[in-house]
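Subject: Structure for you to look at

Hello,

I am passing on the structure we spoke about, so please open it beside this message. My notes on what was found follow below.

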Amino acid sequence: MSRSSPVTFAREPHPAPTPPDRRAALLHDLAFGRTFTDHMVTIRYVEGRGWHDAKLAPRAPLAMDPASAVLHYSQQIFEGLKAYRTADGGAVMFRPLENARRFQRSAERLAMPVLPEATFVAALDELIKIDRAWVPDGDGSLYLRPFMFATEVFLGVKPSAEYLFIVIASPVGSYFKSKDAVALWVSQDFTRAAPDGTGAVKCGGNYAASLLAQLEGIKHGCDQVVFLDAVERRWVEELGGMNVFFVFDDGSMLTPPIGGTILPGITRASILTMAGDMGIPVREAPYSLEQWRADAASGRLKETFACGTAAVLTPIGTVKTRDGDFTIGNGGPGTRTEELRSALIDIQRCRAPDPHGWVHKVL
Ligand SMILES: Cc1ncc(COP(=O)(O)O)c(C=O)c1O
């Protein structure tokens, strides 16, 4: 890929960035997604004119007309990826081109203009460079949130003629507070995505529609929700914000296939490749809730883990359903999950060779 972007960013550095001692205090106590860096990238799009007015400017509230299309019809998409501090003090991103491509697919599905891959990656590079002091050391990382929404002031239902693309960044610690295995609630009353709908892309509406199920899960003492397919209400699809893998007693793994209703996770794809490298047999095949329960009971199923940018690999210990709960393995983290998790983190943080060229150096 060419690293030059067709867009030139006007730089307006923050006149009063966060003082270093305040920043150090914020970086010391990281939650997920509550602290933000000093800058943001913005790029505008207008039909007939294309992408223009690319800026790197102080992060600030947006002024929006109340009739902006996104506020009514949710024409909005986003991405999520991380930058990591390396041992030499540099910073890298993990597979940003894959996020750029998924963002393009999301844009196409929502009838939005496609941002060139090189511009997407350049916007991330620019933000990381100017806010480089915000990339945490140690286990933390800088979560990058590119997003785009419809800004045309018009109440008719049609694709907007104007858009705003923004990137903000948030230094983060772990997504889950505990390092232990998490509990999942199986959503049997609500589905996430229907065939030919928007499940395979990253639009805000998918997440809005998952919140009630998430609340139901929390009411049952669970950390996350897992969704079943919308047709037979039987096949395990994915979590609200993560894909899922199953590990069996013969050492093999299984993950639900990408078929239009599941988000094609970049972590999922990376694990499939790594498993191939490590000689672990993996199948992309449907897996039912009944089978999951039966395999957990018989001991054939050893581990289940969730995976995604935010959660990395997170072990699942307990599954709760309206027909009763079941435990996977001993209910704690499993060895295969731990092994794959460390192998992935080592590549992401440049502590291991990167045979597939996944790491993108920024600094
Ligand atoms: C619904 C959903 N599934 C899976 C994932 C995992 O995707 P990735 O590994 O690209 O972060 C995410 C997170 O982006 C998600 O929101």
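The largest pocket has a volume of about 830 Å³, and please keep in mind while reading that this is a predicted model. Its lining is made up of 36 residues, of which Phe78, Tyr143, Arg145, Lys202 and Tyr207 are the closest to the centre of the pocket. Several elements give two or more residues to this lining, including the strands β4 (76–78) and β7 (141–150) and the helices α5 (204–208) and α7 (266–277), while the largest share, four residues, comes from β8. Sorted by class, the lining holds 16 nonpolar, 15 polar and five charged residues.

Next come the helix pairs. Two packed helices are described by the angle between their axes and by the distance between those axes. For α7 and helix α9 (residues 335–348), the angle is about 105° and the axes lie 11 Å apart, and the two helices are therefore roughly perpendicular to each other, as angles of 65 to 115 degrees are counted that way. On the α7 side the contact is made by Thr267, Ser270, Ile271 and Met274, and on the α9 side by Leu340, Ala343, Leu344 and Ile347; six of these residues are nonpolar, two are polar and none is charged.

Helix α3 (residues 96–109) and helix α4 (residues 117–130) cross at roughly 125°, with axes that come within 9 Å, and α3 and α4 are therefore oblique to each other. Their crossing is right-handed. Among the residues that meet here are Pro96, Leu97 and Phe103 in α3 and Phe120, Val121 and Leu124 in α4, and the whole contact divides into seven nonpolar, two polar and two charged residues.

Best wishes

How values were computed:
Residues numbered from 1 in each chain as written. Predicted model: local features only at pLDDT ≥ 70, side-chain atom pairs only at ≥ 80, totals over all residues. Heavy atoms only, no water. 1 Å grid on protein atoms, 1.4 Å probe; cavity = no way out; pocket = protein on both sides within 12 Å on 5 of 7 lines; lining within 4 Å. Points joined across faces, edges and corners; volume = space filled by probe spheres on them. Nonpolar A, V, L, I, M, F, W, Y, C, P; charged D, E, K, R; others polar. Axes fitted to C-alpha atoms, helices over the stretch in contact; angles between N-to-C directions. Parallel < 35°, antiparallel > 145°, perpendicular 65-115°, else oblique. Contact = heavy atoms within 4.5 Å. Left-handed = near helix turned anticlockwise from the far one by under 90°.
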